[in-house]
Amino acid sequence: MDGLLQYTLWWKKGEEGNVSHGDEFESCIERGEYYLAFKYAMERLLEERGDALGQDIGTAFSGVQSLVEDCQDPFVVGRVGVGALLIFMQSNVLGPFEAQQDVAESPFGMHHCDDANNAWALREIAENGEDVVGKVYLPQYLLLSNIALDALDGERSHVLLERINGLVARLETTYAVDEGKHYEQRALLGAVHVEAANIYTHFGMMKNVATHIDKASAALGIDARLTGALGTRTVHQKDAHAQLVLKISLDDDMKSGFDDSCGKYDGSALDENVFNMVVNKQSDVSGLDTDSDVFRNGPRLISSEDDGVLLRRDLTALHQVLLLALCNQVKKGSSPDGTQQWELAAYTEAILSQNKTEFMIRTNAYIEMARLEIARSRTRERALVTLEGIKEALSHVTSDVPMLDRLSYVFSVKMPCKAVLWKELGEAFVACGLVGAAMKLFEAAELWDSLIVCYQLLQKNEIAEQLVRERLDITPSDARLWCSLGDLIDADEHYETAWECSGHRSARAQRSLARSAMRRDDFDKSRTYWKQALELSPLHLEAWFSLGWCSMKLHDHSEAIKALTRLVQMDPDDGRAWNNLATVHMKMKNWQEALVAFGEASKHSRDTWQTWENYALVACQLKDYTTSARALDHMVSLTRGDSFNISLLRNLVESLSTSAEPSAAADEEENEQSNKTSPQSEEQTKSYVSKILKKIASSSKGSGIAEFWGIYADYYTLTGEQNARIECLAKQIRMLQTSTWHVNSEDFTTYSTACLELSRAYLAHGSKSDIGKARMLLRNALHRSKEQFEDDERYSSMQALLTDINIQM
């Protein structure tokens, strides 16, 4: 099948190394007549079978499966699979979509019950109980292709990811090359790694993605890195500022070897003749402004010595495909912060600025750019026009891009299918207020859930319900529609119907039942539904999170840990999952595990002060006072000092006292443990505690807590700042004086303790005025508390201290 793979990479008619032209199948492929090529391949496969395959769809596919398993010629089987796959790709990805009118719905010539047969094929194709997105055209051809190519694979698995892992490993071995100038083999190896990276991106396996991208870069001899350069990004910008751009270095030997695989089309010609970036008056986006003051293909850089690597226009098509894979890696593997969109823009702009490219590569690059521009008000209208232009280019036949050229590199880019692209464009229309235009797209692509949302936005729920019921009259066994009806009127019986219609294979039905049970706080039943959904679709992230949440509510901590651990393994960037996992470990007093989990949670939930508070508590429990103080400092910054854990703050201050004066009675092991912290770490802890205290003292709410000023005074005791300590104790006394300390036993204990401490501080200071202050404070305290607490031990202590002061004076 090497010839077919090369077709998808750099096919040019008449060159050596391409597929032989002496066969009718290859000739049809070259002309873009995929249906004729498939019919030719099917005739060859059916030559050995005299009777018909049968009139029942299931019987027909069973017969074909037997034929491909018994066939002795793998090329015949491979051509059937390839022909069927290309028909499906043209109808759903490649386009032109309007060219599919002459293709039979069934690959076996069955012209009855097309809708039912297609529904049967979709159920067979669906992986792990998941529904397909929108309308899928000619699904029977995809199922046939799957059967034929699986027979060639030799190692089957019912789990898609397992099949992918095995196939990628075998392809790596097949196209592995030694060091040297094996340009064609290295190109094929690079394409394999790029496609593998795209697949693993879909599953969120970012370590695998990084590994394959590194291998692809090595095979293709390219090094692409983000860097900064001075330039302007808008028309009206006069002064140059730092811009994020892509610095690209190529291996000269590899570059010369790949010259034959450069793009076939001029980029600007494609924009003008194919994508037609001019708004048609009858278009859904008519009236929108396509002009923007933001440059489309990247910033205009100031001339420099690095122009050759910062402004490269000579990248081959495979290099551009690799940049698209890097773009996907950034999008999936980093948090959507303020810099991510500019990193994505740098990769996309580098592709759109190339002199030569391929149709599918430029289409994919424009999709990525439109996704970025739709989020910015200055470029939103241009993004809508771009998506509309892509829609038109994929829909209509044009002589500018022959059928075969649409096939080039389509398996190496992450090109969405028709329904997904229509859904994305429709959602962009809705975001811009063009609900009517979106509804046309959703209805054409049979995206019923999205269409229902549009009716709900227009407050037309009755029409939405009527629409779903009308569709159910046509396809009463469509589980997706039953789930949509259940979502619309909030009725569990419709989810149950969907479950039965799917033959107990609809993961969505189980998830809908689970969500409904959660809304009723029936966590036990919800957990059962989530488990059933995960048995069908074990890669659904929300299901694992909700299973962990239900287990937490049921106090089944071990089950919660299993579910949340599985989730963070699949999605390490889920801050909520890390936080819940840490909370469960915290409740089970697994302090070390909780510390690690809170550390991860704090990376992804930096604005959630509760996470930082728990992080500080766990670290303090493990006597990691530096980490605890750092976490509490961040928490106090988030709350501006209005919310903090007073007990934790006291523990941190006391930890400074312990480290400054280790207990003489401690045994050797305890001394070793207490002295583990380095002097540098102790200074960091002290610095964090000082910041915390200052932030709380400057807040209106935090500074109104009397106990806080007592802790602040203890801190100044450690630092030896007596004047500051006296000031803090005086503030504590002033706040306690407003309470009912002279009649309440507990309040009296607090006030008398503070009073004694402040009086002793005054005496230690030694000045006559301070001694006078201490005398007045004690006399007032004794006078007010004499009636209730004259027999109290602390009353006697204050009286004894006052007597000493009188003697001194």
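Visitor: What share of the contacts with a separation of 6 or more comes from residues 24 or more positions apart?
Guide: In this predicted model, such residues account for 65% of those contacts in the protein chain.

Visitor: And how many helices and strands are there?
Guide: The protein chain has 40 helices and 5 strands.

Visitor: How much of the chain is buried?
Guide: Of its 809 residues, 49% are buried. The accessible surface is about 38500 Å², and carbon and sulfur atoms hold 48% of that surface.

Visitor: Switching to α24. Which of its residues are buried?
Guide: Helix α24 covers residues 492-501, and H494, Y495, A498 and W499 are buried there. Seen down the axis of α24, the buried residues fall within an arc of 150 degrees, so they line one face of the helix.

Visitor: What covers the buried residues of α24?
Guide: The cover includes α22 (461-474), α23 (479-489), α25 (507-519) and α26 (523-536).

Visitor: Which residue with a positive phi follows α24?
Guide: That is G503, with phi near 70 degrees.

Visitor: Now T201. Where is the place of T201?
Guide: T201 is in helix α9, which spans residues 183-202.

Visitor: Is T201 buried or exposed?
Guide: T201 is buried, because its relative accessible area is 3% and the cut-off for buried is under 20%.

Visitor: What lies 2.7 Å from a polar atom of the T201 side chain?
Guide: The backbone oxygen of A197 does.

Visitor: Which residues does T201 touch, not counting those up to four places away in sequence?
Guide: T201 touches V209, N328, K332 and K414.

Technical notes:
Residues numbered from 1 in each chain as written. Predicted model: local features only at pLDDT ≥ 70, side-chain atom pairs only at ≥ 80, totals over all residues. Heavy atoms only, no water. Helix = DSSP H or I, 4+ residues; strand = E, 2+ residues; numbered from the N terminus. Buried < 20%, exposed > 50% of the residue type's maximum accessible area, 1.4 Å probe, protein only. Contact = heavy atoms within 4.5 Å. Areas by Shrake-Rupley, 256 points an atom, 1.4 Å probe, with all protein chains shown as cover. Arc of directions from axis to C-beta. Polar contact = N/O pair within 3.5 Å; in protein donor to acceptor, adjacent residues only side chain to side chain.
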